[in-house]
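Please read it alongside the sequence and the model.

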Amino acid sequence: MNTVKLRDRSNAAVRFTRRAVLRGGALVLSAAIIPGEGHAAPNPAKETASLTAWVRIGRDGSVTVIASQSEMGQGISTTLAAAIADELYLPLEKVAIAFAPFAPAYRDPVYNWMFTGNSQGTSSFYQLMRQMGAAAREMLVSAAAARWGVSVDGVTLGNGRIAHPDGRRTLSFGAVAADAAKLPVPTAPKLRDDPPSPGGALRRWDIPAKVDGSAEFGIDVRLPGMLLAAVRRAPRLGSKLEKHDADSLKSRPGVVTVLEISDGLIVVARTYWQAKRALEDANLVWSAAGSEFSSATAFDQVYAQRLSSGPFFTHLEKGSASSAMDGATKLEATYQLPFEAHATMEPMNCTAHVADGRCEIWAPTQGVELAQAVAAQVTGLPPERIIIRRTLLGGGFGRRLLADFVKQTLVAAMAVKQPVKLIWSREEDMTHDFYRPAVLHRIAGALDSSGSAVALSHRVVSPSQMLYIFPRSMLGDIKDWTEAVAPPEKFDTMAVEGIIEQPYDIANQLVEQHRLELDIPTSVWRTTGHGPNNFVLECFVDELAAAAKRDPVAYRRSMLRSDRRALNVLDLVAVKSGWDRRSPSGAARGVALAKAFGGYVAAVAEVSVRNSRLSVRRLTMAVDCGRLLDPGIAASNIQGGAVWGLSAMQTEITFERGRPMQLNFDAFEPLRLGQTPAIEVHFVASDDKPGGTGELGPVPVPAAVCNAVYAATGQRIRALPISRAGLSFA
Amino acid sequence: MIKLNVNGRAATVDADPDTPLLWVLREHLGLTGTKYGCGIAACGACTVHVDGGAVRSCSFPVGEAKDRKITTIEGLSHNRSHPVQKAWIAEQVPQCGYCQSGMIMAVAALLAEKPRPTDADIDAAITNICRCGTYQRIRKAIHVAAGFSQ
Ligand code: FES
Ligand code: FES
């Protein structure tokens, strides 16, 4: 594994810290033209003018809003497009939405990198989109005013037209768009003071197409002359392909060509089934060498050994945890979480056409800039000859930040010089994921005579989650941007997030990590470090409350004096869940609190346990995600997130000598409808900066449920999945 | 050559009879609304109707579909007017949407059989996986759709 120094420590690195904020002056209004627009335009006969990089207006007055952020069900493309539409005095239904190819204008301003993830689409782009909409409006108004020879004062917008101050004459957007596009972009556009949509649930633009089968995901891309490809790589990580019978495969029906890659084979055929069948029947011999990693022994051996021997990197040191522990009442526990697969419902796939010195890629991707850079590395073409067209994503959860599947598709496309769609089977998708790493934690706390925590010390053994996603532009020269690169430990903070910024007033804190190197690829997975770390922290806080013989909510409240937002969600969840009332007979409740992704969330789970069957009857969630832009979208993210959190209590990926053992949904079973409890979501009225909701929901759920199990049975669950504790979901 | 009846229209496809109906629908007939999720009948993303009943098309050989009536999401209605589609829009059910064609087809088949399903009926019949976790809105929308159909 490479470790590199940051290219630009002073600037980029500072921006990269998780808590970095977009400083006021950093906003640059860009009038960049969208690259490749010439051949990207869906209707070349319809001339369009670009008002900034974000708004295109056709001669016929049609308005297209450009989306930087990928749509994978989190609703971001609705929220951001609505912000622009509002500033143009248009309802959302009147604008078309197009996903941007790579261009610097579409980079996330915090990381200076074009991607969708980390639940930061709203916080990074919402204000910018308002400004871009306002800029486009001012440009239209100026152009219309100039046409009429009047001052801009009194020129107004409505119904897609621009109205003269005389109240009679109007011009369509289309009539002045070309003039407007020639004007300088206003540097300080004035936002509407009466924007209509915030606070109301919008009808998501992408839903109609998702109920009639017409929504286009990556797997649905169809091009004239397109071939289909299937791939099979080593079932054991690290193994290479030693022998194969490619020649006999070539005579199989429909097979066009067979390509050898270092650890597998790609078959290109007329149809996907022909490619897949040929591969299934192929005689592939794998090298004897490969990963020896086995999860059955990993925790007892590899992880436990590092937990005692280190070395450790200190991520947080506040006061002195070790001296505060001396002589105090001390509690210590070890927690562990397993590897997890993303298992997006749409398996990895990509379509590409590389010919005549041009490269076109159709991809369901969260990582546009990485895919673009990788395409340049693979094809050797200059960036302006490469265009990435994004489709909708059938789930992302962090997996689609990576470009391994894009690279693989390009290899096939370059070989056949025809458009190729490469589709991974579910088994391939599960075998060659970049997993949420398994982690081992030792957490210790010291209590004063009143039972309050005065010290918390936390030792984590975890592989990095950032090996494949750390913005490549900040790193030194790397030939292949799909390879793992370990960022400096100081910036490799995802493994400890949620515990380096936890909300409790605890005077002495220590957070150390041993960054474990494994030959299992690991990366970010919905909730990043927040999910696993909150499970550890909030179960342990419950242990402290029990040791102090205090009510779990009251105990948390007593340690939250300085964090108003944390108190608000905790109080709200207590009220809404009826915490102070007795649980229904046979049931018990547990609580957990999280500060994550720019927001706060608290959950109360009501469970019953009978014959080792754990039934979650009800989940009550209270959320402060800052100013609520869209209650419908936010609630669906939190509810879906809660399901993700519950799923993660029963799924895991295990390895036997480098082979992932759960290869499909028969062995890796996410929660199903019948297991899903009623999930109530309540929002705290908040004027804070809008935060993300995509990953917030799952964070406190496992701890709340496990704390409820303790309340019901006295059994502490310190390892997931719950099958380790002999439980399963009813 | 296999003769099929898909969404009320006759179609002839040149495919090996062992080919799963899913891939024939998607690639030979261009009906990409039906999705691939697992290929082993475990997720339901590929659900279509064969003679009105819900079938997981990834595990249903096209040879067996001969002379039977196949309906896919594209053929469920014109203009999203089927009660289940209307309820799905009203309740804003989909997130990423990838599982939803299969969900809608499974629910449409359930309602055809049981116009007023109870929660227990729904739990038993709707075993499709939604990785985005839209289940709560799905349950609500099923009841809404049942109301529309009355
Ligand atoms: S793809 Fe057919 S059930 Fe999953
Ligand atoms: S909506 Fe994404 S899988 Fe169901």
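Buried area is the accessible area, taken with a 1.4 Å probe, that two parts lose on being put together, summed over both. The model is predicted, so that local features need pLDDT of at least 70 and side-chain atom pairs count only at pLDDT 80 or more, while totals for chains, interfaces and linings use all residues. Residues are numbered from 1 along each chain as its sequence is written, chains are lettered from A and ligands numbered from 1 in the order in which they are written, and side-chain values use heavy atoms, with hydrogens and water left out.

## Domains of chain A

Chain A is divided into domain 1 (3-194), domain 2 (218-288 + 348-423) and domain 3 (310-339 + 436-729), with bounds that come from an automatic or database domain assignment. Between domain 1 and domain 2 of chain A, the contact (heavy atoms within 4.5 Å) takes 21 residues from domain 1 and 19 residues from domain 2. The area buried between domain 1 of chain A and domain 2 of chain A is about 1,500 Å², and carbon and sulfur atoms give 56% of it.

Across this interface of domain 1 and domain 2 of chain A, the rule finds one salt bridge, a term that stands for a side-chain nitrogen of Lys or Arg within 4 Å of a carboxyl oxygen of Asp or Glu. The interface of domain 1 and domain 2 of chain A also has nine residue pairs in polar contact, both residues being at pLDDT 80 or more. A polar contact is a pair of N or O atoms within 3.5 Å; within protein, one must be able to donate a hydrogen and the other to accept it, and residues adjacent in sequence count only if both atoms are side-chain atoms. A salt bridge is also found between A:Arg107 and A:Glu369, whose closest N and O atoms are 2.6 Å apart.

## Domains of chain B

Chain B is divided into domain 1 (2-76) and domain 2 (83-148), and 20 Å separate the centres of these two domains of chain B, taken over C-alpha atoms. In chain B, 17 residues of domain 1 are in contact with twelve residues of domain 2, and the area buried between domain 1 of chain B and domain 2 of chain B is about 1,200 Å², of which carbon and sulfur atoms give 61%.

Across the interface of domain 1 of chain B and domain 2 of chain B the rule finds zero salt bridges, whereas seven residue pairs are in polar contact there, both at pLDDT 80 or more. On the side of domain 1 of chain B that touches domain 2 of chain B, strand E3 (47-50) and strand E4 (53-56) of chain B each supply at least two residues, and E3(B) gives the most, with three residues. Strands (E, at least two residues) and helices (H or I, at least four) are DSSP runs, numbered from the N terminus.

## Nonpolar cores

A nonpolar core is a set of buried Ala, Val, Leu, Ile, Met, Phe, Trp, Tyr and Cys residues joined through side-chain atoms within 4.5 Å; buried means under 20% relative accessible area, exposed over 50%, and partly exposed in between, with a 1.4 Å probe and protein chains only. The largest nonpolar core has 226 residues, and those with the most contacts inside it are A:Trp54, A:Tyr303, A:Phe339 and B:Trp88. Helix H4 (residues 121-148) of chain A gives the largest share of this core, 14 residues. Apart from this core lies another, of 54 residues, among them A:Leu259, A:Ile361, A:Ala363 and A:Met466.

Not counting residues up to four places away in sequence, the residues that B:Trp88 touches include A:Ile207 and A:Val211 of chain A, as well as B:Val93, B:Met103 and B:Ile142 of chain B.

## Salt bridges

A search of the whole structure finds 51 salt bridges over all chains. A:Asp86 forms a salt bridge with A:Arg130, the closest N and O atoms being 2.8 Å apart. Because A:Asp86 lies in helix H3 (residues 76-87) of chain A and A:Arg130 in helix H4 of chain A, the pair ties together parts that are 44 residues apart in sequence; both A:Asp86 and A:Arg130 are buried. The side chains of A:Lys210 and A:Asp206 also meet in a salt bridge (2.7 Å, N to O), with a relative accessible area of 2% for A:Lys210 and of 2% for A:Asp206.

The side chains of A:Lys407 and A:Asp480 meet in a salt bridge (2.5 Å, N to O). A:Lys407 lies in helix H12 (residues 404-416) of chain A and A:Asp480 in the loop between E21 and E22 of chain A, so the pair ties together parts that are 73 residues apart in sequence. A:Lys407 is partly exposed at 26%, whereas A:Asp480 is buried at 19% relative accessible area. The side chain of A:Asp480 also makes a polar contact with the side chain of A:Thr482 (2.7 Å), and, leaving aside neighbours within four places in sequence, A:Asp480 is in contact with A:Gln377 and A:Lys407.
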